[in-house]
Amino acid sequence: MKVGILTGGGDCPGLNAVIRAVVKKGITVYGYEIWGIFQGWKGLLEPNLTVPLNLDKVSGILHRGGTILETSRTNPFKTENGGDLVKQNMKKFGLEALIAVGGEDTLGVAAQLHTLGIKVVGVPKTIDNDVVGTDYTFGFDTAVNIAMDAIDRVHTTAESHNRVMVVEVMGRHTGWIAIASGIAGGADLILIPEKPMHIDQVCDYIKKRHERGKDFSIVVIAEGAKIALSGKREQEYQYIVQERGLDQFGHVRLGGIGAILSEEIEKRTGFETRYVILGYIQRGGSPTAFDRVLATRYGVAAIDLVHKKDFGKMVCLKGNKISSIPLSDIAKKTKPIEEELYQIAEVFFG
Ligand code: F6P
């Protein structure tokens, strides 16, 4: 059997570990041919973006960030008859089954393609950890560790200069990275998309802390956090909006809310404030041991599902057990942070 594998959406550390696991078990245990499809779904819309993978091609990639198959945010359903084109091309390339490694968007496409009869299995990835149906996506642990390290470094300079430091981390719809790195890094306030906050409340927390004798503060903010600069009650809040274009899945490009927040804090409290935007640093480089192991387990589980002909499923982690759920259960949803985690973070606010 000829099985294709693609990586779609934003890259993250651990993608190569999945590819390696699929190729290794697919070839040595099941005797399959594994083909790499380049640039996500784009590779199934265009000719010449598929290559055979062998053990040599995946040797030495376990620890490498990014994806040897490259990625894109191409949505085949934005192309006329895109779904049928994917189907025809799979036939043309001789691919009987497909493993799609991606976040909510890539897996949403996989779910739609499955309804068109394509034999597909999904693997959840994203530094944002917001794919529903799984406790963890790989990439998240690495991003949190990078963000925690940055917060630690920002801490010492904040103390030296008696400054408020705003650290902006990724997290488009959810605050998983912000909450985890903020708790681990000892943040004095964490702002996330799930918990809109008025700027007055932000400043009150910081002032309260400084009244206690502290002369520096660390504020962690997720790029998608909602901060209101006006309005008295939550129903009247007017949030900071940044228009930086949409991708093919209709998502706004974020980044920069930390700069606005930093300016507002300084203006309203009089405390000297600086900001840092971590951006793509969180997505680059080597995966942590946790992510390498999780990605490897997912890769092995994905090719096992293919072998069992259990298509239309996404591999997932429940507790410490690898399992699978229908792709149709996860499409067009995001997993918000756990309330309990927020309540823990809140103990340390102000
Ligand atoms: O993959 C998730 C993510 O890193 C989000 O946290 C972020 O908003 C987005 O991707 C950035 O996407 P792009 O790589 O298209 O700029």
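The model is predicted, so local features need pLDDT of at least 70 and side-chain atom pairs count only at pLDDT 80 or more, while totals for chains, interfaces and linings use all residues. Residues are numbered from 1 along each chain as its sequence is written, and side-chain values use heavy atoms, with hydrogens and water left out.

**The largest pocket**

- The largest pocket has a volume of about 610 Å³. Of the 36 residues that line it, R73, M170, R172, E223 and R283 are the closest to its centre.
- A pocket here is an open set of points on a 1 Å grid over the protein atoms alone, where a 1.4 Å probe fits, with protein on both sides within 12 Å along at least five of seven lines; lining residues have an atom within 4 Å of a point. Points are joined across faces, edges and corners, and the volume is the space filled by probe spheres set on them.
- Two elements, α3 (104-115) and β6 (164-169), each give two or more residues to the lining. The largest share, three residues, comes from α3.
- Helices (H or I, at least four residues) and strands (E, at least two) are DSSP runs, numbered from the N terminus.
- By type, the lining splits into nine nonpolar, 13 polar and 14 charged residues. Charged means Asp, Glu, Lys and Arg; nonpolar means Ala, Val, Leu, Ile, Met, Phe, Trp, Tyr, Cys and Pro; the others, Gly among them, are polar.
- Because domain 1 (2-138 + 287-329) and domain 2 (141-283) both give residues to the lining, the pocket lies between them. The domain bounds come from an automatic or database domain assignment.

**Cysteines**

- You'll find zero disulfides here, a disulfide being a pair of cysteine sulfur atoms within 2.5 Å.
- The sulfur of C12 has its closest cysteine sulfur in C316, 17 Å away, which is too far for a bond.
- C12 is buried, with a relative accessible area of 0%, and C316 is buried at 0% too. Buried means under 20% relative accessible area, exposed over 50%, and partly exposed in between (1.4 Å probe, protein chains only).

**Aromatic rings**

- The structure holds eight aromatic pairs. Rings of Phe, Tyr and Trp (its six-membered ring) pair if their centres lie within 6.5 Å; planes under 30 degrees apart are stacked, over 60 edge-to-face, and the rest tilted.
- One of the pairs is Y205 with F349, edge-to-face at 5.6 Å centre to centre and 80° between the planes. Y205 sits in helix α6 (residues 199-211) and F349 in the segment after α9 (339-346), so the pair ties together parts that are 144 residues apart in sequence. Both Y205 and F349 are buried.
- Y136, F140, W176 and F290 form one aromatic cluster.

**Residues in loops**

- The loop between β3 (50-53) and α2 (82-92) holds F77, which is partly exposed at 30% relative accessible area. F77 and Y32 are 45 residues apart in sequence and 29 Å apart in space, C-alpha to C-alpha.
- N81 is also in the loop between β3 and α2. Though not a glycine, N81 has a positive phi of about 55°, and it is exposed, with 54% relative accessible area.
- N129, in the loop between β5 (120-124) and α4 (140-161), is another non-glycine with a positive phi, near 55°. N129 is buried, at 0%.
- K335 lies in the loop between β14 (321-326) and α9 and is buried at 13%. K335 and G175 are 160 residues apart in sequence and 9.9 Å apart in space, C-alpha to C-alpha.
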